[in-house]
Every structure is written in C-alpha cells, then in structure tokens.
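Student: I have a structure open and want to learn how to read it. Can we go through it feature by feature?

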Amino acid sequence: MSETGPLDEKEQARRRILVASTIGMGTVGLAATAIPFVASMEPSERAKAEAAPVDVDVTRVAPGTLITVNWRGRPVWVLHRTPQMLATLGKHDALLLDPDSQTDQQPKYARNATRSVRPAFLVVEAVCTHLGCIPVFRPEPGAADLGPDWPGGFYCPCHGSKYDLAGRVFRNVPAPVNLAVPPHAYHGERLVIGEEGPGVTT
Ligand code: FES
C-alpha cells in the first residue's frame with residue numbers, strides 16, 4: 001500500500017511540469033520541421049518556368065534552317081522545311097523503321113505524313129531515342145559520309161542513328177523509335193510548344 005506524503009506531492013508536481021515542458025518542446029520541434037517540408041512541396045519558380053509553354057515566332061525561322069529552343073529542360077528543334085525538303089518525304093519509306101508513325105512518339109494531330117501541324121514546320125525534340133545524344137542537322141541529300149540514299153535529315157554522332165526530315169528513324173540503326181514530337185499549337189504565326197490542344201488555333 002502506498003502512502004502519499006508532502007514530499008510525494010512535490011515530486012508529482014515536478015514530474016507534471018517536466019512532462020508538460022517536454023510536450024511543449026516536441027510541438028515546437030514538430031512545427032520547426034514541418035515548415036520546411038511544406039515549403040519543399042511548393043514548386044520552385046525555376047521548375048514552374050521550365051514547365052511553362054515556350055513561344056516561338058515562326059516568321060523568324062528562315063526556310064531551310066532550324067532553331068533550338070529549350071522546353072522542360074530539353075532541346076526542341078523548329079525546322080522550317082522548304083518545298084524541296086518536303087518533297088523528299090515519302091520517297092524513302094522502305095528505309096524507315098516506322099514510316100507511318102505507329103509508335104506513340106507524337107500527339108495524334110502530328111501523326112501524319114509530315115509529323116506536323118503545319119507541313120512547313122517540324123517541331124521535334126532534339127534527343128536521340130537511343131541513349132539521348134543530340135543529333136546533328138544534316139540536310140544535304142546524298143552527303144558523301146552518309147551515303148547516296150541519304151535524303152537529308154538528322155544524324156546522331158554517338159552511335160550512328162539516322163532520322164529523316166520528319167524525325168523518322170531509319171532501319172538498322174541503334175535508335176528504336178522516331179524522334180518525339182512535343183505537344184504544340186499555333187496562334188497565327190506564334191507557335192506555342194507545350195500547349196496541349198487540337199494543334200491549330202488562330
Ligand atoms: S545516342 Fe544516338 S545513336 Fe546512340
């Protein structure tokens with residue numbers, strides 16, 4: 001049987017104070033650690049900027065040339081194809097792995113013969129589908145180092161993959177699929193890379 005004397009009451013009161021102060025310190029500690037955690041869940045300004053669509057004035061891309069823009073940390077080409085460049089498409093389908101773009105490497109509205117919304121402009125990620133190197137723009141048909149069948153396109157110097165001027169991969173190279181076409185749309189002459197939609201708006 002326990003006895004409760006004046007000394008025990010003092011001891012119990014001391015313990016109650018200790019317990020209360022320990023809980024209080026724990027709450028402060030939890031709050032201190034919770035604030036950075038919540039803050040880390042907010043997307044940084046940089047991440048938001050990188051995820052944002054990118055505008056391109058296509059009138060500034062001269063026929064026969066391309067520009068490279070950065071979208072979501074990846075290089076994207078905007079190639080202004082000339083009528084002569086467009087005429088090469090469709091003449092070498094037998095050399096291509098996926099000439100009809102069966103593999104899901106483009107939005108539905110770019111699953112066509114030119115893999116584009118506007119045939120004059122190819123918008124494609126400049127990332128080789130083998131191991132991610134950046135291919136080189138080689139538009140000259142029949143280039144000596146690429147063979148007499150070369151119709152013009154993109155050549156990856158890392159392991160020799162080849163793509164035509166619609167970003168379609170050739171057979172017998174390491175790359176397994178066509179270059180990826182990102183979502184994009186037009187507002188007049190303003191191309192917006194990263195905008196989801198039917199592809200053509202004015
Ligand atoms: S990364 Fe392009 S061929 Fe290997």
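Student: Is asparagine 172 buried or exposed?

Tutor: Start with the ground rules. This is a predicted model, where local features need pLDDT of at least 70, side-chain atom pairs count only at pLDDT 80 or more, and totals for chains, interfaces and linings use all residues. Residues are numbered from 1 along each chain as its sequence is written, and side-chain values use heavy atoms, with hydrogens and water left out. Now the term: buried means under 20% relative accessible area, exposed means over 50%, and partly exposed is in between (1.4 Å probe, protein chains only). Asparagine 172 has a relative accessible area of 82%, so it is exposed. Its phi is positive, about 60°, although asparagine 172 is not a glycine.

Student: Where is asparagine 172 found?

Tutor: In the loop between strand 7 and strand 8 (184-187). Strands here are DSSP runs of E with at least two residues; helices are runs of H or I with at least four; both are numbered from the N terminus.

Student: How many helices and strands does the chain have?

Tutor: The chain has 3 helices and 10 strands. Along the sequence the pattern reads α-α-β-β-β-α-β-β-β-β-β-β-β. Of the 202 residues, 36% count as buried.

Student: What share of the contacts join residues at least 24 apart?

Tutor: A contact means heavy atoms within 4.5 Å. Take the contacts in the chain between residues at least 6 apart in sequence: 55% of them join residues at least 24 apart.

Student: Now the sheet. What is the strand order in the open sheet of 3 strands?

Tutor: The general idea comes first. Strands of a sheet pair through backbone hydrogen bonds, either parallel or antiparallel. The working rule is that two strands pair if DSSP finds at least two bridges between them. Here the order is 2-3-4, and the pairing is antiparallel. Strand 2 (66-71) and strand 4 are the edges; each has a single partner strand, so one side of each has no neighbour in the sheet. Neighbouring strands of this sheet are turned by 25° against each other on average, direction ignored. For that angle, axes are lines fitted to C-alpha atoms (for helices over the stretch in contact), and angles run from 0 to 180 degrees between N-to-C directions.

Student: How many bridges join strand 2 to strand 3?

Tutor: 6 bridges, and the two strands run antiparallel. Leucine 66 stands opposite leucine 79, and threonine 68 has tryptophan 77 as its bridge partner. Strand 3 is mostly covered, with 5 of its 7 residues buried.

Student: What lies between strand 2 and strand 3?

Tutor: They form a hairpin with 2 residues between them. Arginine 72 in the turn has a positive phi of about 55°. With 44% relative accessibility, arginine 72 is partly exposed.

Student: Why is the pair of tryptophan 77 and phenylalanine 154 called stacked?

Tutor: Rings of Phe, Tyr and Trp (its six-membered ring) pair if their centres lie within 6.5 Å; planes under 30 degrees apart count as stacked, over 60 as edge-to-face and the rest as tilted. The whole structure holds 3 aromatic pairs. In this one the centres are 4.5 Å apart and the planes stand at 10°, so the pair is stacked. Tryptophan 77 is in strand 3 (residues 74-80) and phenylalanine 154 in strand 6 (residues 153-155), so the pair ties together parts 77 residues apart in sequence. Tryptophan 77 and phenylalanine 154 are buried. Trp77, Phe137 and Phe154 form one aromatic cluster.

Student: What sits over the ring of tyrosine 186?

Tutor: The rule: NZ of Lys or CZ of Arg must be within 6 Å of the ring centre and within 35 degrees of the ring normal. The charged end of arginine 118 sits there, 4.3 Å from the centre of the tyrosine 186 ring.

Student: Which cysteines does a disulfide join?

Tutor: A disulfide is a pair of cysteine sulfur atoms within 2.5 Å. That rule gives 1 disulfide. Cysteine 133 is joined to cysteine 158, S to S 2.0 Å. The link is left-handed, with -90° about the S-S bond. Cysteine 133 is partly exposed at 22% relative accessibility, and cysteine 158 is partly exposed at 38%.

Student: Is cysteine 128 buried or exposed?

Tutor: Cysteine 128 is buried, at 4% relative accessibility. Cysteine 156 is buried too, at 2%.
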